[in-house]
Every structure is written in structure tokens, then in C-alpha cells.
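Good morning, and thank you for the time. I would ask you to look at the model first, and I will then take its parts in order.

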Amino acid sequence: MRSDGGRVEHRTSMDNLFYTYVLISKLDGKFYIGYSGNLSQRLREHREGNVPATAHRLPLELVYFEACRNVKDALHREKYFKMGYGRKFLKERLKQSVHSQ
């Protein structure tokens, strides 16, 4: 038996996470919701106008993100945020961020 009682510590590298994120357009005040395995690269693509869905809505600001351990969970959260209850959650959670624009 190992000295730690046989427990195996599970570590998750930030490189192995998937992110669900919310951007707000400073142009129209609307949310854009997406997911990515590389959040910093994806944000750069948005800000440089390389994402067709947001290119006409610049500038954008990251107002919320969640990290998930697998892509399935990140996709599930993205879909949730795009639906009624998820949008309601975001509006309540981001009340200060949205109103301070």
C-alpha cells in the first residue's frame, strides 16, 4: 500500500481544459457564447475580427468563462447558456458587468 493510503491524486493541467465563454459586444450590448480548447487563442481570433459571427460586432469584452475537463461538458454548457434558463442565469450573474458598460 502506498504511503498516501492508496489514493491517486488527479491533476488537471490547464492545457487540458475546455472553456465555455461569454463575450459582450460593446457595439450592440449583446452576448456571444462559445467554447474552445484554447481560450486565449480564441479570444485573439475574436478581437482580430477573424470570427465571422462576431467580426461585425467589435469591440468585444470577455465577461464570463467556465473551465470544463472535457469537451462534452463545455458543449453542454454552451448550449445551456444559449437557451432560456441559461440566458437568465447569465443576465443575473453578469448584472454588474453588463450595466457597467
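Read from the N terminus, the elements of this chain follow the order β-β-α-β-α-α-α, which gives four helices and three strands. Helices (H or I, at least four residues) and strands (E, at least two) are DSSP runs, numbered from the N terminus. The model is predicted, so local features need pLDDT of at least 70 and side-chain atom pairs count only at pLDDT 80 or more, while totals for chains, interfaces and linings use all residues. Residues are numbered from 1 along each chain as its sequence is written, and side-chain values use heavy atoms, with hydrogens and water left out.

Let me begin with the chain as a whole. Of its 101 residues, 30% are buried, where buried means under 20% relative accessible area, exposed over 50%, and partly exposed in between, with a 1.4 Å probe and protein chains only. Among contacts (heavy atoms within 4.5 Å) with a separation of 6 or more, 60% are between residues 24 or more positions apart.

Which residues form the largest nonpolar core? That core has nine: Val22, Ile24, Phe31, Ile33, Val63, Tyr64, Phe81, Leu90 and Leu94. Strands β1 (18-25), β2 (31-36) and β3 (60-68) each contribute at least two residues to this core. By nonpolar core I mean a set of buried Ala, Val, Leu, Ile, Met, Phe, Trp, Tyr and Cys residues joined through side-chain atoms within 4.5 Å. In soluble globular proteins, nonpolar side chains tend to be buried together.

Next, a pair of helices. Helix α2, residues 71-81, packs against helix α3, residues 84-93, at an angle of about 85°, and their axes are 6 Å apart. Helix α2 is therefore roughly perpendicular to α3, a label that covers 65 to 115 degrees. The axes are lines fitted to C-alpha atoms, for helices over the stretch in contact, and angles run from 0 to 180 degrees between N-to-C directions. From α2, Arg77, Tyr80 and Phe81 meet Tyr85, Gly86, Arg87, Phe89 and Leu90 of α3. By class, this contact has five nonpolar, one polar and two charged residues.

Serine 25, in strand β1, is buried because its relative accessibility is 2%. Its side chain makes a polar contact of 3.2 Å with the side chain of aspartate 28; such a contact is a pair of N or O atoms within 3.5 Å, one able to donate a hydrogen and the other to accept it. Beyond four places in sequence, serine 25 touches Lys30, Arg57, Pro59 and Leu60.

Serine 36 belongs to strand β2, and at 12% relative accessibility serine 36 also counts as buried. The side chain of serine 36 reaches the backbone nitrogen of asparagine 38 at 3.0 Å. Leaving aside neighbours within four places in sequence, serine 36 is in contact with Phe18, Tyr19, Tyr21 and Arg42.

Is serine 40, in contrast, buried or partly exposed? At 46% relative accessibility, serine 40 is partly exposed. Serine 40 lies in helix α1, residues 39-47, and its side chain forms a polar contact of 3.2 Å with that of asparagine 38.

Finally, the peptide bond from leucine 58 to proline 59 is cis, with omega near 0°. Proline 59 sits in the loop between α1 and β3. Most peptide bonds are trans.

Conventions: Parallel < 35°, antiparallel > 145°, perpendicular 65-115°, else oblique. Nonpolar A, V, L, I, M, F, W, Y, C, P; charged D, E, K, R; others polar.
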